[in-house]
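Please look over the sequence and the structure shown below.

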Amino acid sequence: MKVSEILKTDNVTISCEMFPPKKVILLDKYKETAATMAALKPSFLSCTYGATGGTSDYTVEIAETINACGVPAVAHLTCASSTKEKVRSVIGELKDRHIENILALRGDIPENADFPLPDQYHHAVELIEEIKQSGGDFCIGAACYPEGHPEAASVEEDLVHLKEKVDAGVDYLTTQMFFDNNIYYNFMFKALRHGINVPVVPGIMPVTNANQIKRIGTLSGNLVPPKFLRIVERFADNPDAMKQAGIAYATEQIIDLVANGVNHIHIYSMNKPDVLEAIFNNLSDIYVRE
Ligand code: FAD
């Protein structure tokens, strides 16, 4: 099923995410993780491409496993580290394996690489155009950044490029993580002013361990509210308490979003079915799984 169809419902939907393995020897284990997460009945489950330690090679295979478990799969696809030829071959593979949903991304520019090479896409918008021209009947998602992409001179400039992605044929957007919902609400106001009229699914990251906190600080330059910082200061050295507090914080963010009329939520669940299950249990009368 296409994500664009799923997002048409007025019911609350919650999707989640995992990353693929680095090595083939771990593929079966990761397929088990996909099955465990799928059994929790998220609205859809996406698999990243070359991010967070996983490699691109197994994204299509994991996505196929997710579909086989009866949950709609989204395969992420990036273009910054690949030739156009490689990208086209992955799109062909996705079509052949009946993966209907692609999250089209540029990806981070690889360090120590000449970017872009002559045979390479520069921005996600070109990848979106390529997917559109591929002849596959895909639902296409893309990324957006409520606090502005780190490379953009301003949020306004970033929104101009975001509108180009929407005009190129994006069906929905998923946001970068944020820890203060007002950032999302303000962003939605600006996005609407720029004519961005596709669903914008907020991405919520349950921060459940101290390592994640260090990575968030360096990766995306997120604004971290004092309330969140106090939780980290108090619990970072106590893994069980940090996990419980991180799950509670993410749950609270989701409840506030739903209470304010945002029906579709994406959880950066990062191969942690236990965290996903705990959040789903907290929301059992809000996100009602069929
Ligand atoms: P783009 O949309 O190309 O934007 C990148 C920058 O270029 C922005 O500053 C933008 O303003 C600017 N820009 C865009 N178009 C133009 C243009 N035409 N001219 C000039 N400037 C332009 N990374 C992975 O490696 N694998 C993943 O699976 C993955 N999944 C992600 C999922 C989500 C929901 C999000 C939010 C991010 C994900 N990322 C992933 C990270 C992402 O790849 C990086 O943030 C990357 O730096 C930007 O990708 P993008 O698709 O947003 O790029």
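**A buried residue and the ligand shell**

Ile 196 has a relative accessibility of 3% and therefore counts as buried (buried: under 20% relative accessible area, with a 1.4 Å probe and protein chains only). The model is predicted, so local features need pLDDT of at least 70 and side-chain atom pairs count only at pLDDT 80 or more, while totals for chains, interfaces and linings use all residues. Residues are numbered from 1 along each chain as its sequence is written, and side-chain values use heavy atoms, with hydrogens and water left out.

Ile 196 sits in the loop between helix H7 (181-193) and strand S7 (200-201); helices (H or I, at least four residues) and strands (E, at least two) are DSSP runs numbered from the N terminus. Leaving aside residues up to four places away in sequence, Ile 196 touches Leu 159, Leu 162, Lys 163, Val 166, Leu 173 and Ala 191 (contact: heavy atoms within 4.5 Å). Lys 163 is 33 residues from Ile 196 in sequence, but their C-alpha atoms are 6.0 Å apart.

Now the ligand. It is surrounded by 24 residues, and the closest are Arg 106, Asp 108, Tyr 145, Asp 158 and Lys 165 (a heavy atom within 4 Å). Helix H6 gives the most to this shell, with 4 residues.

A polar backbone atom of Arg 106 is 2.8 Å from a ligand oxygen atom. A polar side-chain atom of His 149 lies 2.9 Å from an oxygen atom of the ligand, and for a side-chain N or O atom of Lys 165 the distance to a ligand oxygen is 2.7 Å.

Note on methods. Buried means under 20% relative accessible area, exposed over 50%, partly exposed in between (1.4 Å probe, protein chains only). A polar contact is a pair of N or O atoms within 3.5 Å; within protein, one must be able to donate a hydrogen and the other to accept it, and residues adjacent in sequence count only if both atoms are side-chain atoms.
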